Amino acid sequence: MAHPTTNADGSVSITLTVNGEAMTVDVPADMRLVTFLRDRLGLTGTKYACEVGVCGVCTVLVDGRLTSSCLALAVQVDGAELLTIEGVSEREDMQVLLDAFVSEGGFQCGFCTSGQIVTIASLMMSDEGRALDDEERRHHLAGNLCRCTGYYGIERAARKALS
Ligand code: FES
Ligand code: FES
């Protein structure tokens with residue numbers, strides 16, 4: 001991958017695709033990806049809390065890989081394709097997942113929900129993810145903490161969406 005361009009003012013020019021929209025933007029070299037998504041693009045569905053890669057509320061997909069956007073810099077996604085909760089929620093094939101969260105009571109306060117849904121969506125996008133048994137699926141979801149402890153509802157929603 002080519003290195004992004006550093007401008008005279010110290011900002012860095014990056015080109016990326018977010019939820020299907022291609023863009024070239026200048027960002028501070030030290031801007032975190034979560035800050036870029038929320039403050040620059042207004043994609044506030046991605047939350048942040050621990051800021052050290054532990055809680056999972058900031059999870060997005062970068063080239064299909066689960067990524068803690070609090071740990072990544074915006075400049076590191078130069079050339080990448082990103083999918084956030086806003087992009088997931090617009091996909092027709094993910095409506096079953098959104099519906100499952102409602103019907104199975106997969107959220108309480110909702111703060112962790114975007115990260116949970118993005119993580120489950122990543123399973124739905126692969127044959128391997130769809131083939132996981134209950135224990136393997138729980139292991140995959142272990143990086144998404146729910147302070148309301150609504151894990152049973154989240155698990156039911158995941159199982160239903162993946163069935
Ligand atoms: S805010 Fe990124 S993992 Fe907690
Ligand atoms: S629903 Fe409140 S933190 Fe998970």
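In this predicted model, Glu51 and Arg32 form a salt bridge in which the closest N and O atoms are 2.8 Å apart. The two residues stand 19 residues apart and belong to distant parts of the chain: Glu51 is in the loop between α1 and β4, while Arg32 is in the loop between β3 (21–27) and α1. Glu51 is partly exposed, at 35% relative accessibility, and Arg32 is likewise classed as partly exposed, with a relative accessible area of 23%.

Side chains of opposite charge can pair when their charged atoms come close. The whole structure contains 7 salt bridges. One of them joins Lys160 to Glu104, with 3.3 Å between the closest N and O atoms. Lys160 lies in helix α7 and Glu104 in the loop between α3 and α4, so this pair ties together parts that are 56 residues apart in sequence. With 39% relative accessibility, Lys160 is partly exposed.

A salt bridge is also formed by Glu155 and Arg138, whose closest N and O atoms are 2.8 Å apart. This pair again links distant parts of the chain, 17 residues apart, with Glu155 in helix α7 and Arg138 in helix α6 (residues 134–141). Glu155 counts as buried because its relative accessibility is 18%, and buried means under 20%. Arg138, by contrast, has a relative accessible area of 39% and is partly exposed. Through salt bridges that share partners, Glu104, Arg156 and Lys160 are joined into one network.

Nonpolar residues were examined next. The largest nonpolar core consists of 24 residues, and Val88, Leu97, Phe101, Ile120 and Met124 have the most contacts inside it. Two or more residues of this core are given by each of α2 (85–90), α3 (95–103), α4 (113–124) and α7 (151–162). Helix α4 provides the largest share, with 6 residues. When neighbours within four places in sequence are left aside, Met124 is in contact with Asp93, Met94, Val96, Leu97, Arg130, Ala161 and Leu162. Another core, of 20 residues, lies apart from the largest one; Met31, Ala74, Val75 and Ala80 are among its members.

Val52, Val54, Leu145 and Tyr151 make a nonpolar surface patch of about 350 Å². Val52 is exposed, as its relative accessible area is 53% and the class begins over 50%.

Notes
Residues numbered from 1 in each chain as written. Chains lettered and ligands numbered in written order. Predicted model: local features only at pLDDT ≥ 70, side-chain atom pairs only at ≥ 80, totals over all residues. Heavy atoms only, no water. Patch = residues over 30% accessible without salt bridge, like charges linked within 9 Å, V, L, I, M, F, W, Y side chains within 5 Å. Areas by Shrake-Rupley, 256 points an atom, 1.4 Å probe, with all protein chains shown as cover. Salt bridge = Lys/Arg side-chain N within 4 Å of Asp/Glu carboxyl O. Buried < 20%, exposed > 50% of the residue type's maximum accessible area, 1.4 Å probe, protein only. Core = buried A, V, L, I, M, F, W, Y, C linked by side-chain atoms within 4.5 Å. Helix = DSSP H or I, 4+ residues; strand = E, 2+ residues; numbered from the N terminus. Contact = heavy atoms within 4.5 Å.
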